[in-house]
Amino acid sequence: MTSLATTEPGSGSDAASITTSATRTTGGYLLSGQKAWISNAGEAEFYVVFAKTDHAQRSGGVSAFLLRKNTDGMTFGEPMRKMGQRAIVCREVFFDGAFVPEGNRLGNEGQGFRGLMRTFDISRTVLGAAATGVARAAYEYARDYAKTRVQFGKPIIEHQAVAFRLADMRTRVEQARLMTWRAAKRLDAGLNATTEAAMAKLIASETAAYCTWAAVQTLGGWGYSREYPVEQWMRDAKLEEIEEGTSDIMRLLISRSM
Ligand SMILES: Cc1cc2nc3c(=O)[nH]c(=O)nc-3n(C[C@H](O)[C@H](O)[C@H](O)COP(=O)(O)OP(=O)(O)OC[C@H]3O[C@@H](n4cnc5c(N)ncnc54)[C@H](O)[C@@H]3O)c2cc1C
């Protein structure tokens, strides 16, 4: 298992503003600084850590390093308490002069940011698939429930407000799936997919947030209950609009490509 450590307490969307430093020493670098919100930190064996080799530059000063869990000078915080996705633990990671051999630098000095952006093209597409999955689950659960739940003498799916909401859910799931496939197809063909991956991530994560909200609404009070899975999916889905770049940052990337 590998963790990717970019985010810091003072640096999230603006990843080029990280302050964790990698200072040259004999045979390698000494890392100092702090990361936050690192998924699987403390559980993973490997860590791809982004640090500044040149603080005078923004993205051009970022380099990437591979560290192992038991590296001296690297420690982990307590699990961070969060709204959903509790099966994945997130922790802060602290670096206090952690030594990394030069051979563990990924790419040249200053190429880390470019590598991170290429990684995002893939991970945002994968996230689009995951978000499409939770949206589909929410749609199917709500549809099946609406066929059996009877109010005012008929299944609630026969009330037009409920049926139209389900129609919107189904349409948005198809849209998310097709746009995710398009990004994946471009990646498989070796084509640039930065904009398509951002679009897939944006549409799929907002679809997951909408469909899980709509599923809770369709189940009414039972949707709000922990006896049914949809409230958990709603809490889980919210993260998709935040991690790997927020929806605002996806819109920023898409608008920059115009
Ligand atoms: C559960 C979880 C797991 C995570 N896992 C990891 C991980 O494994 N590795 C890792 O490195 N990070 C991880 N993160 C961090 C995640 O990538 C960041 O939280 C995310 O990039 C947003 O950064 P921020 O939280 O600092 O918010 P900020 O950047 O402070 O943003 C706050 C708000 O301002 C908006 N905003 C910021 N800049 C702009 C702009 N230019 N234009 C418009 N709006 C803007 C944002 O959209 C957001 O709404 C994780 C986060 C969470 C919650």
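On a 1 Å grid over the protein atoms alone, a pocket is an open set of points where a 1.4 Å probe fits, with protein on both sides within 12 Å along at least five of seven lines, and its lining residues have an atom within 4 Å of a point. This is a predicted model, in which local features need pLDDT of at least 70, side-chain atom pairs count only at pLDDT 80 or more, and totals for chains, interfaces and linings use all residues. Residues are numbered from 1 along each chain as its sequence is written, and side-chain values use heavy atoms, without hydrogens and water.

The largest pocket has 42 lining residues, and Thr7, Ile242, Glu243, Glu244 and Gly245 lie nearest its centre. Its volume, the space filled by probe spheres set on grid points joined across faces, edges and corners, is about 1400 Å³. The largest share, 9 residues, comes from H1.

Domain bounds come from an automatic or database domain assignment. Because domain 1 (2–109) and domain 2 (113–256) both give residues to the lining of the largest pocket, this pocket lies between them.

The second largest pocket holds about 190 Å³ of space. Of its 13 lining residues, Gln111, Gly112, Gly115, Leu116 and Thr119 are the closest to its centre. H1 gives the most to this lining, with 6 residues. At least three lining residues come from each of domain 1 and domain 2.

Technical notes. Helices (H or I, at least four residues) and strands (E, at least two) are DSSP runs, numbered from the N terminus.
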